[in-house]
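Please look over the sequence and the 3D view, then read the points below.

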Amino acid sequence: MNWFVEVVKKYAVFSGRARRKEYWMFALVYTIIAVVLAIVDAAVLGSQILTAILTIGLLLPGLGVTVRRLHDAGRTGWWILIGIIPLVGSIVMLVFLCLDGEAGANKYGENPKFAPAQA
């Protein structure tokens with residue numbers, strides 16, 4: 001949950017780098033919350049208003065962590081637009097998001113694996 005909160009705190013930060021763990025833990029917690037809200041929406045409200053609010057509310061943090069994840073792999077954030085291409089774009093994005101980051105510093109910053117822990 002701590003990884004999720006850290007991403008939400010940096011909701012509009014599109015610079016720097018994000019580890020795979022940061023990205024995938026955010027995606028996991030987001031998915032769990034979305035599934036729970038979808039069940040509550042369907043069972044109690046009969047609509048999808050809570051899921052829509054969650055999606056809109058976490059749009060910027062999701063984009064931000066995805067761009068930072070691409071930066072960690074040495075790619076510009078504009079690669080996020082490849083997801084527009086049906087099927088192939090999603091597969092390419094999945095591969096990019098799963099790749100390990102560059103070992104040392106790159107033009108987007110220091111490797112977050114070796115950054116000092118924040119208190």
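The model is a predicted one. Its largest nonpolar core has 15 residues, and helix α2 (20-45) gives the largest share of that core, 4 residues. Helix α2 also packs against α3 at about 155 degrees and against α1 at about 100 degrees.

**Nonpolar core**

- Within the largest nonpolar core, the residues with the most contacts are F4, F26, V65 and M93.
- Two or more residues of this core come from each of α1 (2-9), α2 (20-45), α4 (59-72) and α5 (88-98).
- In soluble globular proteins, nonpolar side chains tend to be buried together.
- Beyond its neighbours within four places in sequence, V65 is in contact with V7, A18, E22, Y23 and F26.

**α1 against α2**

- The axes of α1 and α2 lie 8 Å apart, at an angle of about 100 degrees.
- Angles of 65 to 115 degrees count as roughly perpendicular, so α1 and α2 are roughly perpendicular to each other.
- On the α1 side the contact is made by W3, F4, V7 and V8, and on the α2 side by K21, E22, M25, F26, V29, Y30 and I33.
- By class, the residues of this contact between α1 and α2 are 9 nonpolar, no polar and 2 charged.

**α2 against α3**

- The axes of α2 and α3 are 7 Å apart, and the helices pack at about 155 degrees.
- Angles over 145 degrees count as roughly antiparallel, so α2 and α3 are roughly antiparallel to each other.
- From α2, the residues Y30, I33, A34, L37, A38, V40, D41 and L45 meet I49, L50, T51, L54 and T55 from α3.
- The contact of α2 with α3 holds 10 nonpolar, 2 polar and 1 charged residues.

**T51**

- T51 sits in helix α3, which covers residues 49-57.
- The side chains of T51 and D41 are joined by a polar contact of 2.9 Å.
- With neighbours within four places in sequence left aside, T51 is in contact with A34, L37, A38 and D41.

**H71**

- H71 belongs to helix α4.
- Buried means under 20% relative accessible area, and H71 counts as buried because its relative accessibility is 7%.
- Not counting residues up to four places away in sequence, H71 touches F14, S15, G16, R17, T76, G77, N106 and Y108.
- From C-alpha to C-alpha, H71 and V8 are 18 Å apart in space, and they are 63 residues apart in sequence.

Technical notes: Residues numbered from 1 in each chain as written. Predicted model: local features only at pLDDT ≥ 70, side-chain atom pairs only at ≥ 80, totals over all residues. Heavy atoms only, no water. Core = buried A, V, L, I, M, F, W, Y, C linked by side-chain atoms within 4.5 Å. Buried < 20%, exposed > 50% of the residue type's maximum accessible area, 1.4 Å probe, protein only. Contact = heavy atoms within 4.5 Å. Polar contact = N/O pair within 3.5 Å; in protein donor to acceptor, adjacent residues only side chain to side chain. Axes fitted to C-alpha atoms, helices over the stretch in contact; angles between N-to-C directions. Parallel < 35°, antiparallel > 145°, perpendicular 65-115°, else oblique. Nonpolar A, V, L, I, M, F, W, Y, C, P; charged D, E, K, R; others polar.
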